[in-house]
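Visitor: I'd like to learn how to read a few features off a model. Could you walk me through them?

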Amino acid sequence: MDLDSAVVYLCLTLHWTFPEAVRFVKETPIRKVRAFMAELAYQKSVEDYRTASYSALIICTWANAQKKGNHYQIKDFIGQPPQRKNAKSTLSEAIEKAGIKMPEG
């Protein structure tokens, strides 16, 4: 996600004003902005899944009542719940895991 999209997404999702979103994106390190945006997207997908699961529950109940042999579940209609993507390690974390000491300064 580019920074322009991040600003728009923050405005729409969090109901921030445009100057607030721009200030957040400018003052926050890029990796933190991306992590924040990924978490927002995950939380939105969880909320959307929860809303869709209510409709799927109604459909499952109706479908299971129609045919006695079939037993449908919510995931048959809307799939698996959203999962967090594995966070990629940053360069500094990779260097630290490798045991390399970087000069300070």
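**Reading the surface and its charge pairs**

Guide: Happy to, and keep in mind that this model is predicted. Let's start with phenylalanine 77, which lies in helix H4, residues 74-78.

Visitor: Is phenylalanine 77 buried, partly exposed or exposed?

Guide: The partly exposed class sits between the buried limit of 20% relative accessible area and the exposed limit of 50%. Phenylalanine 77 has a relative accessible area of 38%, so it is partly exposed.

Visitor: Which residues make the nonpolar surface patch?

Guide: Ile59, Tyr72 and Phe77 make it, and the patch covers about 250 Å².

Visitor: Now the charges, please. How many salt bridges does the structure hold?

Guide: Side chains of opposite charge can pair when their charged atoms come close. The structure holds two salt bridges. In one, arginine 84 pairs with glutamate 39, with the closest N and O atoms 2.7 Å apart. Arginine 84 lies in the loop between H4 and helix H5 (91-98), while glutamate 39 is in helix H3 (residues 30-66), so this pair ties together parts that are 45 residues apart in sequence.

Visitor: How accessible are arginine 84 and glutamate 39?

Guide: Arginine 84 counts as partly exposed at 48% relative accessibility, and glutamate 39 counts as partly exposed at 30%.

Visitor: And where do aspartate 48 and lysine 44 sit?

Guide: Their side chains meet in a salt bridge, 3.1 Å from N to O. Aspartate 48 and lysine 44 are four residues apart in helix H3, so about one helical turn separates them. Aspartate 48 is partly exposed at 40% relative accessibility, and lysine 44 is partly exposed at 38%.

Note on methods: Residues are numbered from 1 along each chain as its sequence is written. This is a predicted model: local features need pLDDT of at least 70, side-chain atom pairs count only at pLDDT 80 or more; totals for chains, interfaces and linings use all residues. Side-chain values use heavy atoms; hydrogens and water are left out. Patches are made of residues with over 30% relative accessible area and no salt bridge: like charges are joined within 9 Å, nonpolar side chains (Val, Leu, Ile, Met, Phe, Trp, Tyr) within 5 Å. Accessible areas come from the Shrake-Rupley method with a 1.4 Å probe; for residues, only the protein chains shown count as cover. A salt bridge is a side-chain nitrogen of Lys or Arg within 4 Å of a carboxyl oxygen of Asp or Glu. Helices (H or I, at least four residues) and strands (E, at least two) are DSSP runs, numbered from the N terminus. Buried means under 20% relative accessible area, exposed over 50%, partly exposed in between (1.4 Å probe, protein chains only).
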